[in-house]
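Me: I have a model open and would like to walk through it with you. Can we start with the strand pairing and then move on from there?

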Amino acid sequence: MRLIYSVFAALLLSVVSATAGSSYLALSLGTSFEDHDFDVWNGPATPGRRALTASARSTDYAVAFGVGDAFHIGKRPYDLEFEVFERQNSDFTATGAAGDHPTAIRTTSILLSAWTPVAQREKWTLKAGAGIGARHSVYRMSGPGISFTTTDRAPYAMVGLRLAKQAGVRTRLFTEIRAHTRPPIHSAGGPMQGPLEHNSAGITLRIGLQIDLAK
């Protein structure tokens, strides 16, 4: 996963260097509301698995490099962004027939997305975007008969709307709403290797600052 991050970052920096006049840096903070489903191994004393669900809120910290008007489809311009963000779930409790399971998830993600204007007025611009990427998650879960830390890697996708206001010659303030999802992920199983399956989806709200990297 570190190699993937390095390769994507190197490619993006090459693009940014070549198009510095139209490139930008965006820093943002966000709050995510997610629904989680788990299918967890019961442990060595009991055969089978246990189904658990949870709703949780997390905090996001993100940095993105973008290129404005990176490409066009017809006459419509698109910005291209590469983003790295950290999602730290506050501790939450997954529940099911097997009881309560204190859980925490920390996720690092990379995302490649495209954004296009859908409405403009004076200093305001509304853009729609979509992106795909990958996530690396670290889980901590305990409960009746189990206690483990494990990791997984998963694809990731999102769609969103971004409202930005020109704040200065080279700066914009923006707010976003995103819907994101990831498919079910199955681990190899075995002693203390859960969760055997996890999938999640949710909504993220963000605020941030975009800085043009003009020459």
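Me: Which residue stands opposite G99 in β5?

Reply: In this predicted model, the residue that stands opposite G99 of β5 is G96.

Me: And in what sense do β4 and β5 pair, parallel or antiparallel?

Reply: β4 and β5, the latter covering residues 99-121, pair in the antiparallel sense, and the pairing runs over five bridges. The two strands form a hairpin, with two residues between them.

Me: OK, stepping back, how many helices and strands are there in the protein?

Reply: The protein has one helix and nine strands, and read along the sequence the pattern is α-β-β-β-β-β-β-β-β-β.

Me: How much of the protein is buried?

Reply: Of the 215 residues in the protein, 43% are buried.

Me: Which residues are in the largest nonpolar core?

Reply: That core has 12 residues, namely F38, V40, L52, A54, A56, F92, A94, I105, Y139, M141, I146 and F148. The elements giving two or more residues to this core are β1 (23-41), β2 (49-73), β4 (92-96), β6 (124-143) and β7 (146-166), and β2 gives the most, with three residues. Apart from this core lies another, of six residues, and F85, L111, W115 and Y156 are among them.

Me: What is L52 in contact with, leaving aside its neighbours within four places in sequence?

Reply: With those neighbours left aside, L52 is in contact with H36, D37, F38, V40, A94, T95, G96, G99, H101 and M141.

Me: What separates the C-alpha atoms of L52 and G99?

Reply: The C-alpha atoms of L52 and G99 are separated by 8.7 Å, although the two residues are 47 apart along the chain.

Me: Changing topic, what is the volume of the largest pocket?

Reply: The volume of the largest pocket is about 340 Å³. Its lining consists of 17 residues, and those that lie nearest the centre are G68, D79, K127, R172 and Q210.

Me: Which strands supply at least two residues each of that lining?

Reply: Those strands are β1, β2, β3 (76-89), β5, β6, β7 and β9 (197-212).

Me: Last topic, backbone angles. What is phi of D69 and of E122?

Reply: Phi of D69 is near 50°, a positive value in a residue other than glycine, and phi of E122 is likewise near 50°. D69 lies in strand β2, whereas E122 lies in the loop between β5 and β6.

Me: Is E122 buried or exposed?

Reply: E122 is exposed, because its relative accessible area of 79% is over the 50% limit.

Key:
Residues numbered from 1 in each chain as written. Predicted model: local features only at pLDDT ≥ 70, side-chain atom pairs only at ≥ 80, totals over all residues. Heavy atoms only, no water. Core = buried A, V, L, I, M, F, W, Y, C linked by side-chain atoms within 4.5 Å. Buried < 20%, exposed > 50% of the residue type's maximum accessible area, 1.4 Å probe, protein only. Helix = DSSP H or I, 4+ residues; strand = E, 2+ residues; numbered from the N terminus. Pairing = 2+ DSSP bridges. 1 Å grid on protein atoms, 1.4 Å probe; cavity = no way out; pocket = protein on both sides within 12 Å on 5 of 7 lines; lining within 4 Å. Points joined across faces, edges and corners; volume = space filled by probe spheres on them. Contact = heavy atoms within 4.5 Å.
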